[in-house]
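Please have the sequence and the model at hand while reading.

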Amino acid sequence: MPEYGRVRQLLQSRRPGHSLPQALYTAQDAFAFDVRAIFGRAWVLVGLACELPNPGAAMALTVGTSPVVVLRDRTGDIRGFHNSCRHRGAMVCPPGHSQRPLLVCPYHQWSYDLTGKLVGVRRMQADFDPAAHSLRPIHVRNVAGALYVSLAEDPPPFDDYAEGLAPLLAPHDLPNAKLAHSAEFIEKANWKLVMENARECYHCAVRHPDLALTFPTEVRAHFAADEAGRVDRFNARMQAAGLPIGPTMGDWWQAIRFPLNDGVVSMTMDGKHAVQKLMVPQENGDIGSVRWATEPNSFCHSLADHTFVFTAEPTGPQETLVTTKWFVHKDAVEGVDYHVESLVALWLTTNKQDIELVENNQRGVNSIGYLPGPYSEEAESLVGRFTNWYCREATLAAEEVG
Ligand code: FES
Ligand SMILES: [Fe+2]
């Protein structure tokens, strides 16, 4: 991997507390490196287990640039595979959700069962061994209904995260949710710019006036505000209601239940619940939000009435696919208990505003005059955590390759 030499130099030249050296946001070699070193190893959120309600339910997507498929097998277990045929490598499952008894490759119809075993193959020589040509498995973990995969043979430890997040998410009953809506965006910006933007609310008060109505965006510690004992009162109320508040924090994750603004019970345009059938009925659904976020590429908000999920996948040096999903109670009836338009309006608006911000950020970073600039310790601490984590992981990976 000769290209890693330059990436290593770029990482070494990084100034702590500052945005990254230019080429890490712009160059083809840095993109190829990230796809392998970061997305080829980390635990990546792919969605919720409720997206696979029945045996044979599958969802195919890309992690970095690797196609994967995650499915529920006949025994109800969730499994993941590289979505690459063991014949000549074609993608076996098309992107998106599907229901299928077997995975049949569209090219020459090699067929795999839901455990990945090759069970149907034509016109191969007598000494061909189907047992040696199963789909290659990937690691999958399910924490309180949230599905993570790792493409690494030996993935990073997951248990501390699972143990920290599970009690926070448990009251939100995600196994009994359903996908109400999803939206994808191609953003013309490096994935790290997309994620840096997603890790701060320095820009929120001015650039997201609607979002800023739902929670305090100008507080000292993002998502951990304490003005005039408001957080203490909220925490005491949540504890009395039996709702854990966290926080839990590790190298690559943070999760906390935090209070929304007074009078606001959900992240919606009017601050009211968008879904009448609540996921969390305690306190009449006035329970703030659990923000759960993992490096490299996700953040989520679990509210009383819905859960919002955001993930980003690099598709090019200066292009990122952002996927957003809204989940509601599985028994909530569209048109009766909720209207998709009002459910999605706030984050859809916010994401469109963010596209403008990150694409503009990329254009400026491409300038011959760009120099890494300092993060605000007060307002951009989570951006600093993200880039520190990235640089640590990337440096380790670059050293391993040598
Ligand atoms: S590539 Fe899948 S059957 Fe040929
Ligand atoms: Fe934003």
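The model is predicted, and local features need pLDDT of at least 70, side-chain atom pairs pLDDT 80 or more, while totals for chains, interfaces and linings use all residues. Residues are numbered from 1 along each chain, ligands are numbered from 1 in the order written, and side-chain values use heavy atoms without hydrogens or water.

The iron ion (ligand 2) is coordinated by H203 (NE2), H208 (NE2) and two D354 (OD) entries, at 2.0 to 2.6 Å. Donors are N, O and S atoms within 2.8 Å of the metal (3.2 Å for Na, K and Ca). H208 lies in the loop between α6 and α7 and D354 in helix α8, 146 residues apart.

Two packed helices are described by the angle between their axes and the distance between the axes. Helices are DSSP runs (H or I, at least four residues), and angles run from 0 to 180 degrees.

| Helix pair | Angle | Axis distance |
|---|---|---|
| α5 (191-198) and α8 (340-365) | about 130 degrees | 10 Å |
| α1 (4-12) and α3 (28-37) | about 90 degrees | 9 Å |

The angle makes α5 oblique to α8, whereas α1 and α3 are roughly perpendicular. Angles under 35 degrees count as roughly parallel, over 145 as roughly antiparallel, 65 to 115 as roughly perpendicular and the rest as oblique. Contact (heavy atoms within 4.5 Å) joins L193, V194 and N197 in α5 to residues of α8 including D354.

Technical notes: Helices (H or I, at least four residues) and strands (E, at least two) are DSSP runs, numbered from the N terminus.
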